[in-house]
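Subject: Structure handover

Hi,

Here is the structure I promised to pass on, with my notes below it. Please have it open while you read.

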Amino acid sequence: MTTTVYARVESPLGELLLVGAAVADGPDAAGPAGVRLRSLSMPGQKGGAVVQDGWRHAPEAFAEVARQLEAYFAGRSTRFDVPLAEGAGTEFQRRVWAALESIPYGSTVSYGEVAARVGASGAGVRAVGTAIGRNPLLVVRPCHRVIGADGALRGYAGGLERKKLLLGIEGGAG
């Protein structure tokens with residue numbers, strides 16, 4: 001049985017809302033607290049998570065995620081290693097999200113490059129942009145590393161100022 005749990009953590013981007021699936025027991029339990037991260041969103045984010053009735057406030061369940069976020073924002077960590085919930089998104093979105101996860105820290109790629117990686121060239125670039133915009137795991141799944149072909153910052157569900165801040169933390173374009 002799974003329960004939805006959440007916590008809020010402060011960050012340079014504002015208060016982040018972490019949402020996870022807590023597995024009570026059994027072989028699907030993830031990590032010591034048995035929580036798989038389902039969403040990381042920020043205030044004013046387009047399509048961001050909103051706490052629902054029945055969700056349980058459980059900051060202790062997100063202690064490791066919070067620790068990794070703090071290290072990332074302080075420039076002490078370049079990657080995240082947290083259990084993620086499965087099953088979100090369409091098959092195409094999951095392919096795009098996997099491509100995002102392969103973009104190295106401090107690097108940027110264009111939407112067209114992501115489209116080529118997932119076999120969606122030409123008009124598929126727009127579909128790739130839509131899939132990136134629906135990424136439920138901002139920061140952890142680095143959609144902020146995708147920029148326009150001309151090097152301009154384009155689209156970020158958390159806002160372009162936050163995208164610029166994240167790229168600045170990583171020493172990339174911004």
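A term to begin with: a residue is called buried under 20% relative accessible area, exposed over 50% and partly exposed in between, using a 1.4 Å probe and protein chains only. The model is predicted, so local features need pLDDT of at least 70 and side-chain atom pairs count only at pLDDT 80 or more, while totals for chains, interfaces and linings use all residues. Residues are numbered from 1 along each chain as its sequence is written, and side-chain values use heavy atoms, with hydrogens and water left out.

**The sheet**

Helices (H or I, at least four residues) and strands (E, at least two) are DSSP runs, numbered from the N terminus. Two strands pair if DSSP finds at least two bridges between them. With that in hand, there is an open sheet of 4 strands in the order 3-2-1-4, and its pairing is mixed. Strand 3 (35-41) and strand 4 (56-57) are the edges; each has a single partner strand, so one side of each has no neighbour in the sheet. Strand 1 (residues 2-9) and strand 4 run parallel and are joined by 2 bridges; Val5 has Arg56 as its bridge partner in strand 4.

Helix 1 (residues 63-73) packs on this sheet and touches strand 1, strand 2 (16-23) and strand 3, its direction making about 145° with that of strand 2. Contact here means heavy atoms within 4.5 Å. Axes are lines fitted to C-alpha atoms, for helices over the stretch in contact, and angles run from 0 to 180 degrees between N-to-C directions.

Strand 2 and strand 3 are antiparallel, paired over 6 bridges, and Leu17 sits opposite Ser41 in strand 3. Strand 3 is mostly covered, with 5 of its 7 residues buried.

Helix 1 also carries Gln68, which counts as buried at 6% relative accessibility. Beyond its neighbours within four places in sequence, Gln68 is in contact with Arg79, Phe80, Asp81 and Val82.

**Aromatic pairs**

How many aromatic pairs does a search of the whole structure find? The count is 4. Rings of Phe, Tyr and Trp (its six-membered ring) pair if their centres lie within 6.5 Å; planes under 30 degrees apart count as stacked, over 60 as edge-to-face and the rest as tilted.

One of the pairs is Tyr6 with Trp55: the ring centres are 6.5 Å apart and the planes are at 50°, so this pair is tilted. Tyr6 belongs to strand 1 and Trp55 to the loop between strand 3 and strand 4, so the pair ties together parts 49 residues apart in sequence. Tyr6 is buried, at 12% relative accessibility, whereas Trp55 is partly exposed at 24%.

Tyr72 and Tyr105 make an edge-to-face pair, because their planes are at 90°, with ring centres 6.2 Å apart. This pair also links distant parts of the chain, with Tyr72 in helix 1 and Tyr105 in the loop between helix 2 (91-101) and strand 5 (109-110), 33 residues apart. Tyr72 is buried at 1% and Tyr105 is partly exposed at 25%. Tyr72 and Tyr105 form one aromatic cluster with Phe73 and Phe80.

**The core and the helices around it**

A nonpolar core is a set of buried Ala, Val, Leu, Ile, Met, Phe, Trp, Tyr and Cys residues joined through side-chain atoms within 4.5 Å. The largest one has 43 residues, and Phe62, Leu69, Ile132 and Val139 have the most contacts inside it. Elements giving two or more residues to this core are strand 1, strand 2, strand 3, helix 1, helix 2, helix 3 (111-117) and helix 4 (124-133).

Setting aside its neighbours within four places in sequence, Ile132 is in contact with Val96, Leu100, Tyr111, Val114, Cys143 and Val146. Val139 lies in the loop between helix 4 and strand 6 and is buried at 1%. Its phi is near 75°, a positive value in a residue other than glycine.

Helix 2 and helix 4 pack with their axes 9 Å apart at an angle of about 80°. They are therefore roughly perpendicular (65 to 115 degrees; under 35 is roughly parallel, over 145 roughly antiparallel and the rest oblique). On the helix 2 side, Phe92, Gln93, Val96, Trp97 and Leu100 meet Ala127, Val128, Ala131 and Ile132 in helix 4.

Best wishes
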